[in-house]
Amino acid sequence: QVQLVESGGGLVQAGDSLRLSCTSSAGALSWRTVGWFRQAPGKEREFVATITWNDEATYYKDIVKDRFVISRDANNTVYLQMSSLKPEDTAVYYCAAYSRSYYSTTFYYDRSQYGHWGQGTQVTVSS
């Protein structure tokens, strides 16, 4: 079973930066499309960013695309670098991976495309 683990969340002030990390057991993130989602209290879980399985493309929610960067390193850890954080970025952030390897779709923003999820990491931005 693929297990994803997020880390790097915390309490920061508006304007600060944070870097979230997503790791997996047995290299399960390698060659998979991986995304970050977030869920604020009382709201639906929403798409934030995705990196395709071959790292050739990244996609972002419009309101974060100038502030957040998704990347993957040689150890297949996937990062979400968040800058200029705002109170409205406060949420639990989840890492998710496609079930299939070597695969991506145009529906990267759709939660149903992702078969593997982490437990989430809390990000709180104070004003």
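# A walk through an all-strand chain

Among the contacts in the chain between residues at least 6 apart in sequence, 58% join residues that are at least 24 apart, where contact means heavy atoms within 4.5 Å. This is a predicted model, in which local features need a pLDDT of at least 70 and side-chain atom pairs count only at pLDDT 80 or more, while totals for chains, interfaces and linings use all residues. Residues are numbered from 1 along each chain as its sequence is written, and side-chain values use heavy atoms, with hydrogens and water left out.

We begin with the chain as a whole. The chain has eleven strands and zero helices, and from the N terminus on, its elements therefore read β-β-β-β-β-β-β-β-β-β-β, given that helices (H or I, at least four residues) and strands (E, at least two) are DSSP runs numbered from the N terminus. For 127 residues, a compact globule would have a radius of gyration near 14 Å, and the 13 Å of the chain agrees with this; the radius is taken over C-alpha atoms, and the globule rule is 2.2 Å times the number of residues to the power 0.38. Along the principal axes, the C-alpha atoms fill a box of roughly 40 × 25 × 25 Å.

Next comes the surface. Of the 127 residues, 40% count as buried, a word that stands for under 20% relative accessible area, whereas exposed stands for over 50% and partly exposed for values in between (1.4 Å probe, protein chains only). The chain exposes about 6600 Å², of which carbon and sulfur atoms supply 45%.

A covalent link can be followed from here. A search of the whole structure finds one disulfide, and a disulfide joins Cys22 to Cys95, with 1.9 Å from S to S. Cys22 lies in strand S3 (residues 18-24) and Cys95 in strand S9 (residues 91-98), so the pair ties together parts that are 73 residues apart in sequence. The link of Cys22 and Cys95 is left-handed, with -70 degrees about the S-S bond, and both Cys22 and Cys95 are buried.

The loop between S3 and strand S4 (34-39) holds Ser30, and Trp31 has its place in the loop between S3 and S4 as well. Leaving out residues up to four places away in sequence, Ser30 touches Asn76 and Ser101, and the C-alpha atoms of Ser30 and Asp73 are 10.0 Å apart in space, although these residues are 43 apart in sequence. Trp31 has a positive phi of about 60 degrees although it is not a glycine, and with a relative accessible area of 45% Trp31 is partly exposed. Tyr102, in the loop between S9 and strand S10 (114-117), is another residue other than glycine with a positive phi, near 55 degrees, and at 51% relative accessibility Tyr102 counts as exposed.

Phe47 belongs to strand S5 (residues 46-51) and, at 10% relative accessibility, counts as buried. Ten residues along the chain separate Phe47 from Phe37, and their C-alpha atoms are 4.5 Å apart. Apart from neighbours within four places in sequence, Phe47 is in contact with Trp36, Phe37, Tyr59, Tyr60, Lys61, Tyr108 and Tyr109.

Methods: Areas by Shrake-Rupley, 256 points an atom, 1.4 Å probe, with all protein chains shown as cover. Disulfide = S-S within 2.5 Å.
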